[in-house]
Amino acid sequence: MMRKMGRGSLTIFSSLTIMLVATFLLALLEASHYIELKRIGEINAASVTESAFAGYLPPLWENYHLLGRAVSGEDSLQLESLENELLELSDTNMYPVRGWSWRHNLLQMDTLDVEMVQCRLITDDDGRVFEAATAGYMRNLLQINAVQQLLNNRNSVDALMNQSPSCEDAVYRAQAAITEAEGGNGDDNILNTFSKDVKKGILELVLENPDEVSQKAINTGAVVSNRTLAKGNQETGIACDALDLLLMDMYLLRYMSGYDKVYPNRALDYEKEYIIGGKSSDIENLRAVVGRILAIREAANFMYLSSDTEKCEAAQLVAEGISLLLANPELAEVIKWGLIAAWAYAESILDVRALLAGERIATFKTDSQWTSDLSILGELGSSFIKAKSCENGMTYGDYVGILLVAHGVDTLAYRSMDVMEASIRILDEYRQFRMDHLIIDAEFAYSYESGPIFMKKGGYHYYVNKKYSYRKAGV
């Protein structure tokens, strides 16, 4: 027996209710779709920005442990190339497959545009960006006691850098007095012998093998410190303090090549010396640095000799003997101070010889740490004697560190970037590299477009701003 099926029906009210419920459910789904698209847009912007900045400059990191995103453009800064790179990457991420299919991602969006809102170049803010980048790296690397040691060394030498003992004037006055008393023939006196040795040249006096000094040079005509630089458009500057300057100094001591430690693949072997001297060649910069260290040591040694009664008496005896031979006892005082000045200079030559050989020299010497006697004035150019090493003294690198911070931040930063740029340009693929095309901070604006899935009309636009900073990347 077959059952007879009845015919069903819906009232108008039921139909409207079902339509309202369905519309409400679809609206909820579309709202969820909208919210999820916005979240995906945020994730995509972060991912794309970080992916682009993962393309940092390898030789800059390998040689100098700094991160930066180079932008193409030989003469002008062309930010469009980076914007287009981010746009292409974002579009690929958000819309990997064109066309409709249920197998496809329901969260696809078109990336309409990627615009660089603002950027900061490593050469911006008169060197403060470079200072902040290097200081930030060193903060994560060093302990505070290392910073304190550099500060102690600097404080101990600061006073000496401002001293002017006028050793050359004292020697000249004594030498002139002796020459005049001898009737214009003073070739055989001890101060003339000393002066002839000094005139040989400073590197010839302090280096046992001066021919081994690096002969490298760079063209300083168009380096970072001597050309008009591209500028970023970051609205706010970077604030740095005295600690940042010390940390940058320690960074330069660690990662810049120098006479005390030469690194391979550098345009100049003596990069630290270039930052101090600013000359085009290694030999000129080494000469400039050695001259400044010599002046510091000369001030300290002159102060010590002036306070040492026994050594002053020894100089007095020799001066009196010379003045008696000249039959002019009144010259004894002038000759005495000329001898003391020459003695201080000669001891300083021995100090610098020891420093360049990797030894330590006390900032202020005691009698047991003093090396020479007055006979050194006649032997300075004929024998290679070095000063006594001191276990707790300062090294050549310590003096270089002090000379570095004697410069302003802008000089330190720009000269550092001079040698970085020159060294990177050695590589064939980076011949056109410019430090002022190196982005270190940036902000991008992403704009997206998408259509609804559960509704027939309308469309969505999303706007996301994303920042990235190498200085704050935790490296």
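Start with the cysteines. C312 is buried, at 11% relative accessibility. C390 is buried as well, with a relative accessible area of 12%. Both values fall under the 20% cut-off, so both residues count as buried. How many disulfides does a search of the whole structure find? The count is 0.

A word on confidence, as this is a predicted model. Mean pLDDT for the protein is 85. Residues at 70 or more make up 87%. Which elements mark the two ends of the range? Helix 5, residues 144-161, has the lowest mean, 63. Helix 10, residues 271-277, has the highest, 97.

Now the aromatics. The structure holds 18 aromatic pairs. Take Y137 and Y255. Their ring centres are 5.8 Å apart, and the planes meet at 65°. That angle is over 60 degrees, so the pair is edge-to-face. Where do the two tyrosines lie? Y137 is in helix 4, residues 128-139, and Y255 is in helix 9, residues 242-255. The pair therefore ties together parts that are 118 residues apart in sequence. Y137 and Y255 are both buried.

A second pair: Y259 with Y396. This one is edge-to-face too, at 6.2 Å centre to centre and 70° between the planes. Y259 sits in the loop between helix 9 and helix 10, while Y396 belongs to helix 14, residues 396-405. So this contact links parts 137 residues apart in sequence. Buried or exposed? Y259 is partly exposed, at 24% relative accessibility. Y396 is buried, at 4%.

Back to Y137 and Y255 for a moment. They are members of one aromatic cluster, together with W61, F130 and Y251.

K365 lies over the face of W370. The distance to the ring centre is 5.5 Å.

A327 is another case. Its phi is positive, about 60°, and it is not a glycine. A327 is located in the loop between helix 12, 309-325, and helix 13, 332-356. With a relative accessible area of 67%, A327 is exposed.

To recap the two tyrosine pairs: Y137 with Y255 is edge-to-face, and Y259 with Y396 is edge-to-face. And on the cysteines, the search finds 0 disulfides.

Terms used:
Residues are numbered from 1 along each chain as its sequence is written. This is a predicted model: local features need pLDDT of at least 70, side-chain atom pairs count only at pLDDT 80 or more; totals for chains, interfaces and linings use all residues. Side-chain values use heavy atoms; hydrogens and water are left out. pLDDT is the predictor's confidence in each residue, from 0 to 100. Helices (H or I, at least four residues) and strands (E, at least two) are DSSP runs, numbered from the N terminus. Rings of Phe, Tyr and Trp (its six-membered ring) pair if their centres lie within 6.5 Å; planes under 30 degrees apart count as stacked, over 60 as edge-to-face and the rest as tilted. Buried means under 20% relative accessible area, exposed over 50%, partly exposed in between (1.4 Å probe, protein chains only). A charge sits over a ring if NZ of Lys or CZ of Arg is within 6 Å of the ring centre and within 35 degrees of the ring normal. A disulfide is a pair of cysteine sulfur atoms within 2.5 Å.
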